[in-house]
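Let's take a walk through this structure together, one region at a time. Keep the 3D view open and follow along as you read.

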Amino acid sequence: MLRFVLRRLALLVPVLVGLSILLFAWVRALPGDPARALLGQRATPEGIARVNELYGFNEPVLQQYLLYVKALLNGDFGRSIQTGQPVLESFFEKFPATVELGMSALLLAIVVGVPLGYYAARHQGRFIDTAIVSGSLLGVVTPVFFLAILLKLVFAQWLGWLPTSFRQDARIDATHITNFYVLDGLMTQEWDAAWNAMVHLALPAIALGTIPLAIIVRITRASVAEVMHEDYVRTAESKGLSPAVISRRHILRNALLPVTTTIGLQAGLLFAGAVLTETVFAFNGVGQYLFSAISQRDYPVLQGYILFIALIYALINLAVDVGYGIIDPRVRVS
Amino acid sequence: MTIPLPPAQGPFTGNDPSGPETGAYEEDERGLSLWRGAWRRLRRNPTAIVGALIVLAFVVVAIIAPWLTPYEPGSTQWSGEVSPTSVPGPSPDHLLGLDRFGSDLYTQMLFGARQSLVYGVVSTALGLSVGTLLGVLAGGLGGWVDTVIMRAVDIMLSIPSLLLAVSIAAVLGQNAYSIMIAIGVAQVPIFARLLRGSMLSQNKGDYVLAATALGIRRRRIIIGHVLPNSVGPTIVQATLNLATAIIEVAALSFLGLGESDPAVAEWGRMLVAAQDRFEAAPRLALLPGFAIAVTALGFTLLGEAMREALDPRTRR
């Protein structure tokens, strides 16, 4: 297992090196000279000279790249054009919000999606199956931002059941330790703060979770339908095992393998979706910050965040593969 | 499940092309080519028909948009009738009412279809051609070419495709070409992987072995034998990607990276512009949103039905 993890980590190195080269080239391909692009509207002749000196934009390209990588390895991802805040610092400040949102969305997708998919597969061809499959199709094709706007319109603005935006009401005097607001509330036993944060999470999580939910339903259904007719299921039935045991140990355990992979692949989609969802709900996380970076042409932020998101995405997929090895012993052998 | 009986007039004639037509037995597809069999299954699948009708309606509307409306797209000649709190609703002159800039909403919706079709088709065609080329080179040549191409694909897949498209659009500037290129490039890895996988799996096939044994050159085997066998999955993927491309174009618009010319009607940007008029006129957001979803649904249904029709495993 350890060798497997190490090999996968080693494979990650060329991808990250390649991505750093691309992002390095990207800043240089931006309209205008790189120092001006990195400084934005604050660019003064002195500022440009300083940035040119700092990043060595006057040096040969190879040396520039080495300087860039050296800075990255020292944790220097540059500073935001908008706020002047170091990129890395802002990322760690906003990341908990996005993780909280992403986890809630994924949790919703799994908890609702797997049983729905399973139920549809067990009732193949019936009305309920058709309804679930059609519903999941609608979920796949509805753009995230449209769903977010729709939910906000109906449940927040018309019905007034849930808050329209932000992570927590400003009037609540909550203590923030980890920046995971729900967790903070629970840790400090400020129950109203935790509840308030959860209420604020509801709509964004539904909006973000719908596509993964729909995909999980479809994969689970297909996978259960396939496994249901396997020989070992028939064997288990003829052995006289109870239907509950067969469902749990024979059908679900095997059927959930492709589902696990899918969940890992959804991580990247969640990041992209978070940019759109967080923007609609003014949810102060990585996504909303990326959106403002895009509209303000804040290139250092974009550059740093994309690199980080790629790293996290890769680590999530590694974790999924390791988890896969735990669920399915066959993978470990090959 | 019942097993269809062989035709009454004789023994199995399926492999004999000169045998009687299999019309008497609807399920019997022996003697039909892959494509004819697939076409037959597709025609009978209600999902495919719904999908095809949606796609057809969308394409037709996109093409004949100028003849369906008396107005020019992006004309704001009625802007005087629009205020922050009220946007005139449907009337005989304006079937769907006005939008917040004082353009005819019906006209904007029609021309939005046109915009989506052009963006979707051009970007998917770009992703398809570049991706196919890379995939064929990687799978066909193998060795270092394969390694280099697949590492590049890995790098592109290491960031979410929307962010990839955003980064490309940022470099190319705000115009129609940059959106199409951005979304097209983001699709390249999908097609490259598909074609490479298809090449590799077919390399083990008997007909490739036979062709090699006959001394046919590698390039001819790839172009004449392997590639035609990958056409089916590629068309399916392209159809499904059209749905994604149309949604991503709207998403780029939503992020402010879309078309900068306000005269161009685009569903994604109409949706963004409608956000602060929710209370006054929710239809400004609902119509373009539903239009995007329904169009994407059409391509998805059609794509999935084609996949089912072409995949021998789902044949019964």
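Start with helix α7 of chain A, where Val144(A), Phe145(A), Phe146(A), Leu147(A), Ala148(A), Ile149(A), Leu151(A) and Lys152(A) are buried. A residue is called buried if 20 or more other C-beta atoms lie within 10 Å of its own, exposed if 12 or fewer, and partly exposed in between, with C-beta atoms placed from the backbone. Helices here are DSSP runs of H or I with at least four residues, strands are runs of E with at least two, and both are numbered from the N terminus. End to end, the 15 residues of α7(A) reach 20 Å from first C-alpha to last, close to the 21 Å expected at 1.5 Å a residue; the expected span is 1.5 Å times one less than the number of residues. Just after this helix, Gly160(A) takes a positive phi of about 65 degrees.

A word on what you are looking at: this is a predicted model, in which local features need pLDDT of at least 70, side-chain atom pairs count only at pLDDT 80 or more, and totals for chains, interfaces and linings use all residues. Residues are numbered from 1 along each chain as its sequence is written, while chains are lettered from A and ligands numbered from 1 in the order in which they are written. The pLDDT is the predictor's confidence in each residue, from 0 to 100. Chain A averages 81, and 93% of its residues score at least 70. Confidence in chain A is lowest in helix α14 (residues 329-333), at a mean of 63, and highest in helix α5 (residues 87-122), at 88.

Now step back to the whole of chain A. It is divided into domain 1 (2-73) and domain 2 (96-333), with bounds from an automatic or database domain assignment. The contact between them takes 15 residues from domain 1 of chain A and 14 residues from domain 2 of chain A; two residues are in contact if their C-beta atoms, placed from the backbone, lie within 7 Å. On the domain 1 side, α1(A) gives the most, with 11 residues. By class, that side has 12 nonpolar, two polar and one charged residues. Ala, Val, Leu, Ile, Met, Phe, Trp, Tyr, Cys and Pro count as nonpolar, Asp, Glu, Lys and Arg as charged, and the others, Gly among them, as polar.

What does chain A share with chain B? Their contact takes 34 residues from chain A and 32 residues from chain B. Several helices of chain A give two or more residues to this side, including α7 (144-158), where we began. The most comes from α1(A), with seven residues. The chain A side has 29 nonpolar, five polar and no charged residues. Chain B itself has 11 helices and zero strands, and buried residues make up 45% of its 316 residues.

Two last stops are back in chain A. Ala282(A) lies in the loop between α11 and α12, and its phi is near 45 degrees, a positive value in a residue other than glycine. Ala282(A) counts as exposed because it has 12 C-beta neighbours inside 10 Å. Tyr299(A), found in helix α13, counts as buried because it has 25 such neighbours inside 10 Å.
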